[in-house]
Amino acid sequence: MKILIVGAASGLGASLAASLLQNTPHTLVTVDDLRVERDLRNMQFALSHKKGDRHKFYLLSVSDAHMANKLFELERPDLVVFCKTPEKTTYHQSLVRSLVSASQYGAKLLYIAPDSWSPDRNESYQYGVEICKSDSNAVTAHVLRTCRIFGPRQELGDVLTNAMGRILAGKWPDTSLASDRPREWLYIKDLLSAIETLIGSGDLSGEYTASSGQFASEHEAMMCLQMISEGRGFDLSKYDTIPADCGRLNDLGWTPKYTLHEALEHTLSWYSINTWASNME
């Protein structure tokens, strides 16, 4: 299968590209406009996993109808995975153009709609879900909803990314930024396995939900990160509940593998090695 990833230099997009190249035989075509330096580093990470001729990268924006048509005409992907980071200028233009081109060239589209703290982004994702589920797109477009994603290569404004940057700089995390409201967390590697499970099943019809059943507040997660960095224990076992009912994904054999504590340990370790990804002060 040939898979086109739109937003390939986002944290999720770069991680997905690398994971697919490592774990599947699929051919990849990745697209991003690389607007900031961090995006370039993410893309370098994905390209470092290139095997033979299985991965092509295009520096362009699919919001440009002419460029999108040229890309689809040339590459003819079987599946488009849309995981572009929402922003106010071209996000929905890129989604609509991806949908139109996918339909025109006989491809399916999988729209990744993660939850987020930002009201603007929640609205963007919800609007994207509505576009994908509209009568005109229901056959071509399919949706994977997720709870709050965290892990390597997350954006610099994220609360946990900020906390890790301060911890690794020898400072306490800024708890004033953290909410005490319980949130459900899903480690990015578990989300990648959910996407790969869907792709491998060959059945992308309709809507799916990837959920962990593990709830904790941002404040608790911050304190856990701090304790881990100091070599002290922080008991998050009470949050390691039975995974939530994910319905159709569970039927395909998918369940999350990482506990919240394990995932935070792995994430802190990754940022300690890849300091370019932290907003170090």
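Ring pairs join Phe 82, Tyr 91, Tyr 111 and Tyr 125 into a cluster, where rings of Phe, Tyr and Trp (its six-membered ring) pair if their centres lie within 6.5 Å. The model is a predicted one, in which local features need pLDDT of at least 70 and side-chain atom pairs count only at pLDDT 80 or more, while totals for chains, interfaces and linings use all residues. Residues are numbered from 1 along each chain as its sequence is written, and side-chain values use heavy atoms, with hydrogens and water left out.

Across the whole structure, a search finds eight aromatic pairs. A pair of this kind is described by the distance of the ring centres and the angle of the planes. Phe 82 and Tyr 111 form a tilted pair, with 6.0 Å from centre to centre and 40° between the planes; planes under 30 degrees apart count as stacked, over 60 as edge-to-face and the rest as tilted. Phe 82 belongs to strand 4 and Tyr 111 to strand 5 (residues 108-115), so this pair ties together parts that are 29 residues apart in sequence. Strands (E, at least two residues) and helices (H or I, at least four) are DSSP runs, numbered from the N terminus. Phe 82 and Tyr 111 are both buried, that is, under 20% relative accessible area, with exposed meaning over 50% and partly exposed in between (1.4 Å probe, protein chains only).

A tilted pair is also formed by Phe 150 and Tyr 187, whose ring centres are 5.7 Å apart with the planes at 50°. Here strand 6 (residues 141-150) supplies Phe 150 and strand 7 (residues 183-187) supplies Tyr 187, so the pair ties together parts that are 37 residues apart in sequence. Both Phe 150 and Tyr 187 are buried.

Turning to the helices, helix 1 (residues 11-23) packs against helix 7 (residues 188-201) at about 55°, with the axes 10 Å apart. Axes are lines fitted to C-alpha atoms, for helices over the stretch in contact, and angles run from 0 to 180 degrees between N-to-C directions. Residues in contact (heavy atoms within 4.5 Å) include Leu 12 and Leu 16 in helix 1, and Leu 191 and Ile 195 in helix 7.

The loop between helix 3 (65-75) and strand 4 (79-82) holds Arg 76. Its phi is near 50°, a positive value in a residue other than glycine. Most residues other than glycine have a negative phi. Arg 76 is partly exposed, with a relative accessible area of 48%.
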